[in-house]
Amino acid sequence: MASPDQDLAPALDKDGVRLTVEDTLATVTLTNPAKRNAQTPALWRALAEAGRLLPGSVRVVVLRGEGQSFSAGLDRRMFTPEGIPGEPTFVDLARRDDAGIDATIAEYQEAFTWWRRTDLVSIAAVQGHAIGAGFQLALGCDLRVVADDVQFAMRETSLGLVPDLTGTHPLVGLVGYARALEICVTGRFVGADEAVASGLANLAVSAADLDATVRDLAAALLAAPRDAVVETKALLRGAVDRTYDEQRTAERAAQARRLRDLAGLGE
């Protein structure tokens, strides 16, 4: 797959992650297609750093993967006794106390959380395999556009683990508890048609059209006034935890802020 950001000077390019910024649009690309963009702790640190490096001008972030797969999940070396040089193995991690395990996983999770920031709208462009950590990374984004060859799968439970990279909350929110449980416990593949029908994906297109479709969606998102987008995203994100009447109140408060800003009466 061609890289739409390859002509831009990268703000970050290391450990399998490249960040480029074009005015209000940022693109984060996973750049290890030879390994199907397998994920490592170094890649997670680079993803977290990409989030910290975003200029305040950025409104939309596109996440994509080079090659045939978006991300086929964890680097298999993480499952071996030798592990990845310089990184804790699973055995090393298991030997830590609860606080130590919690702190390490929390650090890993930082790569998956910033995509949901209220001041940004994030889009995952997903082709081929999006397995385990790859699935959870796509779930970290606000929107998902998939190629018709996409294969989502949550394989952690099949390996005796649990999904711990922030994917369970958005998965349940998108497809409901029963289907999320079935997807996680069976580890089966979810293709493009089911992804769209179940709410996992916003739309599916041919692999050849994926980048252009995402670019068009980003342009449409950028056409709306920024402050209204930020308020709308916050309003919708908070709706899950509010009652109907609480949401009505939140709508009124948000609209009052927008009206005052538009009238030049904002604080």
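**Asn37, a buried residue with a positive phi.** Asn37 counts as buried because its relative accessible area is 1%, where buried means under 20%, exposed over 50% and partly exposed in between, with a 1.4 Å probe and protein chains only. The model shown is predicted, so local features need pLDDT of at least 70 and side-chain atom pairs count only at pLDDT 80 or more, while totals for chains, interfaces and linings use all residues. Residues are numbered from 1 along each chain as its sequence is written, and side-chain values use heavy atoms, with hydrogens and water left out. Asn37 is placed in the loop between strand 3 and helix 1; helices (H or I, at least four residues) and strands (E, at least two) are DSSP runs numbered from the N terminus. The phi of Asn37 is positive, about 55 degrees, although the residue is not a glycine. Most residues other than glycine have a negative phi.

**Asp23, an exposed residue with a positive phi.** Asp23 belongs to the loop between strand 2 and strand 3. With a relative accessible area of 59%, Asp23 is exposed. The phi of Asp23 is near 60 degrees, a positive value in a residue other than glycine.

**Helix 1 and the elements against which it packs.** Helix 1 spans residues 41-53 and has 13 residues. From its first C-alpha to its last, helix 1 reaches 18 Å, close to the 18 Å expected at 1.5 Å a residue; the expected span is 1.5 Å times one less than the number of residues. Among the buried residues of helix 1 are Pro41, Leu43, Trp44, Leu47 and Gly51. The buried residues of helix 1 pack against strand 1 (12-14), strand 2 (17-22), strand 3 (25-30), helix 3 (98-113) and helix 4 (133-139).

**The crossing of helix 1 with helix 3.** Two packed helices are described by the angle between their axes and the distance between the axes. The axes of helix 1 and helix 3 come within 8 Å and cross at roughly 50 degrees; axes are lines fitted to C-alpha atoms, for helices over the stretch in contact, and angles run from 0 to 180 degrees between N-to-C directions. Helix 1 and helix 3 are therefore oblique to each other, given that angles under 35 degrees count as roughly parallel, over 145 as roughly antiparallel, 65 to 115 as roughly perpendicular and the rest as oblique. Their crossing is left-handed, a term for a near helix turned anticlockwise from the far one by less than a right angle, with clockwise giving right-handed. Helix 1 contributes Pro41, Trp44, Arg45, Leu47, Ala48 and Arg52 to the contact, and helix 3 contributes Glu107, Tyr108, Glu110, Ala111 and Phe112; contact means heavy atoms within 4.5 Å. By class, the residues of this contact divide into seven nonpolar, no polar and four charged. Ala, Val, Leu, Ile, Met, Phe, Trp, Tyr, Cys and Pro count as nonpolar, Asp, Glu, Lys and Arg as charged, and the others, Gly among them, as polar.

**The crossing of helix 5 with helix 6.** Helix 5 (residues 168-175) and helix 6 (residues 177-186) have axes that come within 7 Å and cross at roughly 125 degrees. The two helices are therefore oblique to each other, and the crossing of helix 5 and helix 6 is right-handed. Leu171, Val172 and Val175 of helix 5 meet Tyr177, Arg179, Ala180 and Cys184 of helix 6. Six residues of this contact are nonpolar, none is polar and one is charged.

**Helix 9 packed with helix 10, and the position of Glu231.** Helix 9 and helix 10 (residues 244-262) pack at an angle of about 170 degrees, and their axes are 10 Å apart. The pair is therefore roughly antiparallel. Asp227, Ala228, Glu231, Leu235, Gly238 and Ala239 in helix 9 meet partners in helix 10 that include Gln247, Ala250 and Glu251. The contact of helix 9 with helix 10 has five nonpolar, two polar and five charged residues. Glu231 lies in helix 9 (residues 226-239) and counts as buried at 17% relative accessibility. Neighbours within four places in sequence aside, Glu231 is in contact with Ala254, Arg257 and Arg258.

**Ala201, a buried loop residue.** Ala201 occupies the loop between helix 7 and strand 9 (203-205). Its relative accessible area is 6%, so Ala201 is buried. Beyond neighbours within four places in sequence, Ala201 is in contact with Arg144, Val146, Ala195 and Val196.

**Asp148 and its contacts.** Asp148 is found in the loop between strand 7 (143-147) and strand 8 (151-153). Not counting residues up to four places away in sequence, Asp148 touches Ala192, Val205, Ser206 and Ala207.
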